[in-house]
Structures are given as C-alpha cells and as structure tokens.
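Visitor: I would like to understand how labels are given to parts of a structure. Could you take me through some of them with care?

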Amino acid sequence: MKLSFKHDLGSDGKGYWFALLVCAATTAIGLPFRTSLDPENAAMLYLVGIALAAAYCGRASSTLAAITSAAAYNFFFTQPYYSFWIDSYRDMVATVLLLVTSIIMGSLAARLRAQSRFFQYKEQTTSALYAMTRELASSRVQDNMLSAIRFHAEDMFDGTATLWLAQDGEIHCITQPELTDDLKEKSAAQFCYEHAQSAGLDTPTLAGARGFYLPFKGSVEVLGVLGFMPKIGVLQSDEKTQLEAVASVAASALERVSVAELAERRKVEAEGEKMRNALLSCVSHDLRTPLASIKGAISSMMIDNTLSADSRMELLTSVHNETTRLERIVSNLLDVTLLESGRLRLKKDYYFMSELVGNALQHTKELLKEHSVECAFDEEIPALWVDGVLIEQVLVNLLENAAKYSPPDSPILIDAWTEEDNIRIIVADRGSGIHSGDEQKLFDKFYRGTQSGQGSGLGLAICRGIIEAHDGKITARKREGGGAVFSFLLPAAHAPDVINEAAA
Amino acid sequence: MNVKPHILIVDDEPQIRKFLRTTLTSHDYQVNEAEKCIDALKLLTTHPPDLMLLDLGLPDGDGLDVIKELRGWSQLPVIVLSARGQEQDKVTALELGADDYLTKPFGAAELLARIGVALRHSRANSQPQPSIFESSGLRVDIANRQVTVDGQEIHLTPTEYKLLCTMVKYAGKVVTHGQLLKEVWGKHSSEQGHYLRIYMQHVRQKLGDDALNPRFLMTETGIGYRLKS
C-alpha cells in the first residue's frame with residue numbers, strides 16, 4: 001500500500017462538479033414547493049446540500065457550493081424571482097446568513113475530515129511499520145533483514161530505497177552497488193554514517209544528492225545508512241518523519257542481529273580455544289613424555305661408558321619404543337588436520353578385506369604380540385569399494401585401541417559380513433569395555449574416556465572422520481560377556497564379470 | 001666384491017644425512033651427499049654411484065624431476081625416501097622408474113635390506129636373467145614354466161602365471177598396480193584394476209598364501225604388491 005497524505009481531498013475537479021451538482025439538485029427539489037415554502041425553509045434545504053458537499057469534498061468545493069447555493073437561493077427563491085435583486089430586508093438577511101453559515105460549516109467539515117484522514121494515515125503508517133518490525137523480528141540473518149527493510153520502505157513510500165553498510169570505515173551501497181561509485185550519493189551516505197545525522201536531499205548537508213540519507217543508529221555505533229530517492233524528486237514533509245521511524249526500527253533489528261552474530265562468533269572462538277587447549281595439552285604431555293625418556297636414555301648412554309651391554313640394550317629398546325609412540329602421535333595429529341581441513345580426497349578402489357586386514361595386522365604386529373587376533377570373516381566376502389589406505393588406517397587404529405585397553409593374552413576378533421549392498425566390519429575385544437554414556441564421546445577429538453591411557457584421544461576421532469568421509473557411521477558398544485565392539489559399515493564393490501580361464 | 005658400493009644420498013635434512021652416512025659407512029658402503037636437485041645431478045655425472053637414496057621434497061625442486069632426468073641416460077637403482085600419506089608420490093616415483101621407496105621414519109635394518117635388494121637387482125640386470133626363482137619355499141622355473149610350493153606343483157592359468165612371473169622379475173621390489181597392468185595385460189587402464197586384484201587373489205589362493213599373513217606376496221595398500229625375496 002502506498003501511503004499518501006493529502007490535507008485537502010476533493011480539491012480536484014470532481015469536488016467542484018459535485019458541489020455544483022448538489023446545488024442544482026437542491027434547487028430542482030425545492031423549486032416545485034417554492035410557493036408553499038417559507039424562503040427560510042428553502043435556505044435550510046440548501047444548507048443540507050452544502051453539508052453534503054462539505055462532508056464529501058474539500059474546503060474549496062464546499063465554499064463553491066456555499067456561494068452557488070447562496071446565488072441560486074437569491075435567484076430562485078427570493079422576490080423577485082429569477083433576478084439577483086432582493087426586495088425585502090428579511091430575504092437579504094437570509095441570503096447573507098445562508099452564505100456565512102455554509103462557509104463556516106464547510107470549513108468545519110473539511111477540518112474534521114482532514115483530521116480523520118490524518119488519523120487514518122497515521123494508522124496505516126503504524127501498521128506498515130508494525131509489519132516491518134514483525135518481519136525483522138523473525139529474521140536472524142542480516143541479508144534477509146536488509147532486503148525486508150528495503151521492501152517495506154519502497155512499499156510505504158514512492159521512490160527507491162537504498163541500503164548502505166560500512167566496511168573498514170567506508171560506506172558501500174549493498175542494494176545498488178553502482179551507487180557506491182556515485183560521488184554525490186556516496187559522500188552524502190558517508191557523511192550520514194560518520195556524523196550519525198541525516199544528509200542529502202532536503203537537508204542542510206550535501207543537498208545536491210538525489211537521495212535523503214538516514215543513519216541506522218545503534219546503541220554504540222552507526223550500523224548502516226538508509227537512503228531514499230523519492231520518485232518526484234522532493235520529499236513530502238511527513239515522509240521524513242516516517243523514514244526516521246523506519247530507520248530506527250531497522251537499526252534496532254540490525255543491532256540485535258549483530259549482537260547475535262557476535263555471540264555466535266564468541267562461541268566459535270571459545271570452542272576453538274577449547275580445542276587449542278586440548279591440542280596444547282596433547283603436544284605438551286603426549287609429545288614431551290616420550291621425548292623425555294628418549295633424551296634421558298640417550299644422555300645416560302653418552303655420559304656413562306661403563307653401562308653393561310644389557311642396560312644399553314634396555315635403554316635403546318626404550319628409545320626405540322618411545323620414538324614409535326611419537327611417530328604414532330605425530331601421524332595422528334597430521335591425519336586429524338588433514339581430515340578437518342576438508343582437503344581429503346578419497347581414492348576409492350577395489351580392495352579385499354583380507355588384504356586390508358593383513359596389512360593392518362602387519363603394522364600392529366609389535367603392539368599385538370601378546371594378543372591373539374581371530375579373523376572370522378568368510379574368505380569369499382565381496383570386495384570393498386573404498387580408499388584402502390584410509391580404511392587400513394581405521395583398522396590399525398581400532399587394533400591399537402583394542403591392544404591398549406584389553407589385558408595381554410585376551411583375544412581380539414575381526415569379523416565382517418554383508419548387509420545388502422554394504423559390508424559390516426567389527427573389531428571386538430575383551431578389555432575393560434565402554435562406560436555407559438561414553439559410546440559417542442569416545443569418537444570426539446582428544447576425548448580419553450574415563451580410564452587413563454597413553455592415547456592422545458585422536459585415534460578414534462580419525463576413525464570416525466574416515467568412515468564418515470565414506471558416508472558410513474562408526475559406533476561403539478559394550479560386548480556381551482565383557483569388552484567393547486567397534487562396528488562400521490562400508491560399501492561393497494560391484495562384483496565384476498566372472499573370469500574363466502583354463503589352468504595352464 | 002672388492003670395491004665398496006657407492007651410494008649417493010640426496011636429502012636436505014642434515015640429521016637424516018648424518019644417520020644415513022653413519023649407518024651406511026659402518027656397513028661397508030661409500031657415501032656421497034647432496035642437498036639439492038642440482039647438486040645431485042652434478043654428482044650423478046661426476047661420481048656415478050651404484051645407488052641413489054632420494055628424498056622427494058628438496059629445496060630447489062621435486063625429487064621426481066631428478067628421477068625423470070636420470071632415467072633418460074641411466075638405469076641406476078633409486079630408492080625414494082618419502083613421508084607417510086604421500087602414496088600418490090610414491091606411485092609416481094615408482095612409475096617414473098624408481099626402484100623402491102622407504103617411508104620416513106624408517107629403521108636401519110629396513111634401509112639396509114632395501115639397499116641390498118636394489119643392488120642385487122641391478123647386478124642381476126646386467127647378467128642374463130636366471131631362469132629359476134627360489135625363495136622361502138616358492139620355486140618358479142621360468143624355462144620349464146613350472147611353479148612349486150614346498151615341492152608341490154601348482155597349476156596356474158596363463159594370466160596368473162604371467163602375473164607371478166612379473167612379480168618374480170621384480171622380486172623384492174614393490175611393483176605398482178599400473179606397472180603390473182601394463183606388463184601383464186599390456187595396457188594401463190584403471191578399469192582393469194579390479195581384475196588385477198582378483199587375479200592376485202587367485203594366485204595367492206593357489207600358492208596357499210594367506211593375505212592375512214602373507215608368506216610370498218605382500219600387499220602395499222594404495223601402491224601395489226611386493227614378492228618377498
């Protein structure tokens with residue numbers, strides 16, 4: 001709805017015609033009863049007509065109706081008829097009174113109507129502002145808000161609304177980017193932004209601009225600028241006030257969003273801070289502990305030549321084991337970084353379970369020397385369609401995990417079976433199991449469970465990252481009879497054509 | 001052999017060079033060192049070594065370029081030193097003509113074993129191919145097309161036999177999927193990739209080799225296969 005506020009409605013041609021018509025009609029109605037009516041009664045009849053004209057038309061039309069009615073009264077109803085000459089003193093008074101009364105009545109009616117129009121207009125503006133407020137309140141994204149502000153401003157006023165936001169202290173028009181290069185408009189908007197006061201059209205500052213600029217004043221700073229270019233090139237007096245109202249509603253909405261964004265950013269920063277702390281503790285504890293033992297062992301060998309061959313071997317073994325541990329932590333950190341950077345590209349290919357498991361066992365031979373590993377899956381199980389290097393990593397991490405959290409000599413089970421087009425793989429141990437409520441948290445980065453272990457809390461997070469990259473899901477649960485079961489689902493490869501070849 | 005084999009070490013990390021130098025000299029090798037591609041190429045012509053240990057990330061270029069250049073005029077054995085997670089680089093290096101790779105960090109035993117295999121190979125290449133391969137119970141008699149495991153004769157299809165022969169040809173070295181496809185099927189098509197794996201599984205089954213705990217054929221995930229020698 002376009003709001004327009006005209007103080008004197010009916011001042012167009014229609015009002016005059018209506019005035020003349022009313023006058024003619026009154027005359028036509030009264031004329032047949034001229035002889036039976038007192039001239040004063042005839043005057044009353046005209047007053048009815050004038051009242052009608054005053055009610056529906058503007059002040060000018062009702063004045064016209066007053067004058068023509070007085071003239072018609074004089075012409076048709078006072079002696080001598082059909083002449084503007086008035087014989088009796090009484091008729092003369094009646095004519096003058098008719099004229100004066102009707103002019104006063106017309107002006108009163110017009111004022112009344114103007115007032116009612118004004119209130120109606122006020123109500124329209126209020127409801128338009130209310131609609132905008134409501135829409136802004138339901139919006140949480142700045143972009144949506146800006147387009148809502150623009151839409152409502154252009155809906156309420158006849159012209160073009162522009163929205164400007166500041167970047168590094170410089171204002172840019174985001175609704176019509178080309179305006180940023182329009183020096184006049186940009187300077188006005190910039191002035192408005194910097195001085196938090198209106199500028200441009202119809203203001204003392206940079207009045208040469210086509211637009212009228214208003215700041216979105218937040219509680220601390222100016223959040224942006226609203227520009228308005230009226231279609232007719234000039235602002236109507238009340239438009240300024242209304243635009244100010246729009247700008248103030250918009251400012252409070254924009255402020256709300258910027259506060260919410262700030263809070264969101266703080267939250268992300270806090271999360272990041274938490275991760276950094278975890279990483280720091282990982283680096284400081286998990287990397288330092290092996291380094292300390294390596295340095296200690298080496299230095300004692302360097303200063304003490306009298307060490308027996310046995311003690312030397314013992315120290316060297318510890319150096320070797322600790323470097324292996326360091327190596328594992330560093331690769332885990334690298335894997336996590338790679339998985340999180342999103343730079344991971346899967347190189348899917350055709351892989352046999354037995355090859356992947358065989359290689360994973362090869363890599364964990366040292367760790368698993370005190371455990372027996374049972375591979376229960378069928379040799380004929382379909383091949384997998386996966387990134388073999390990564391899935392091997394998952395198996396290595398799960399085996400390491402099982403070795404770490406289950407007592408020596410306890411068995412570890414690797415099993416797999418088909419589930420529709422997928423293959424379910426499980427790694428189960430007879431270790432300390434999983435605490436209730438830990439099933440999901442286990443896969444969180446740097447989470448170490450309730451038992452203290454020497455893990456960095458990364459191995460399972462890497463497993464989850466890799467399995468999720470394959471669109472799979474990895475879960476952990478308590479195993480019946482004690483221990484833990486890790487289970488995940490991977491796509492099976494399509495069976496290729498059967499190869500038939502006679503033996504040589 | 002009377003003359004100590006000569007090894008060129010190309011790595012920009014002084015500590016790694018030191019470790020390699022100490023280990024190799026104490027095992028009867030002569031050593032030369034280079035930090036950059038350009039020094040490496042110079043030393044390759046002025047002091048031709050018997051083997052090169054080449055790090056892929058060098059300050060003045062990619063180690064892969066050194067292999068490419070070298071293979072234009074020499075079949076010198078090259079062992080690539082690379083980090084974990086660079087499977088693609090390893091495959092590229094192998095297909096460009098590198099003989100083997102070692103993933104950092106590696107131990108002395110692994111290093112010496114790989115160097116031994118590579119040197120044996122390059123010596124064998126200059127002599128006529130032996131017609132019989134024998135290692136840990138597997139015997140392949142190429143002249144008579146006969147395969148036995150622990151004295152038991154094994155019957156292979158022509159393709160399976162060709163695959164095994166190719167592995168025998170490069171025994172001890174890693175052979176990439178691409179190289180195998182090219183040598184056995186005469187083409188390098190990734191669509192054939194799964195056939196290679198299926199044939200390899202058949203060969204393993206017939207040899208009584210368990211992929212879970214391989215006796216002869218080792219899987220190098222993401223790269224290829226290696227026949228133990």
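Guide: Let us begin with P105(B), which is found in the loop between β7 (100–104) and α5 (108–125) of chain B. Please keep in mind that this is a predicted model.

Visitor: What makes the peptide bond from K104(B) to P105(B) worth a remark?

Guide: The peptide bond from K104(B) to P105(B) is cis, with omega near -5°, and most peptide bonds are trans. In chain A, the peptide bond from Q79(A) to P80(A) is also cis, with omega near -10°, and P80(A) lies in the loop between α3 (59–77) and α4 (89–137) of that chain.

Visitor: Why is D28(B) called exposed?

Guide: D28(B) has 9 C-beta neighbours inside 10 Å, and a residue is called exposed if 12 or fewer other C-beta atoms lie within 10 Å of its own, so D28(B) counts as exposed. D28(B) sits in the loop between α1 (14–25) and β2 (30–34) of chain B, and its phi is near 70°, a positive value in a residue other than glycine.

Visitor: Why is L206(A) called partly exposed?

Guide: Around L206(A) there are 19 other C-beta atoms within 10 Å. A buried residue needs 20 or more and an exposed one has 12 or fewer, so L206(A), with its 19, is partly exposed. L206(A) belongs to the loop between β3 (199–200) and β4 (212–217) of chain A, and its phi, near 50°, is positive although the residue is not glycine.

Visitor: How do you know that β9(B) and β10(B) pair?

Guide: Strands are said to pair if at least two bridges are found between them; strand β9 (residues 138–141) and strand β10 (residues 146–149) of chain B have 4 bridges, so they pair, and they do so in the antiparallel sense. Within this pair, R139(B) stands opposite T148(B) in β10(B), and the hairpin has 4 residues between the strands, where R145(B) takes a positive phi near 50°.

Visitor: What makes β10(B) and strand β11 (residues 152–154) of chain B a pair?

Guide: These strands run antiparallel and are joined by 3 bridges, and the cut-off is at least two, so they too are a pair. V147(B) stands opposite I154(B) in β11(B), while the hairpin of β10(B) and β11(B) has 2 residues between the strands, and D150(B) in the turn has a positive phi of about 50°.

Definitions and conventions. Residues numbered from 1 in each chain as written. Chains lettered and ligands numbered in written order. Predicted model: local features only at pLDDT ≥ 70, side-chain atom pairs only at ≥ 80, totals over all residues.
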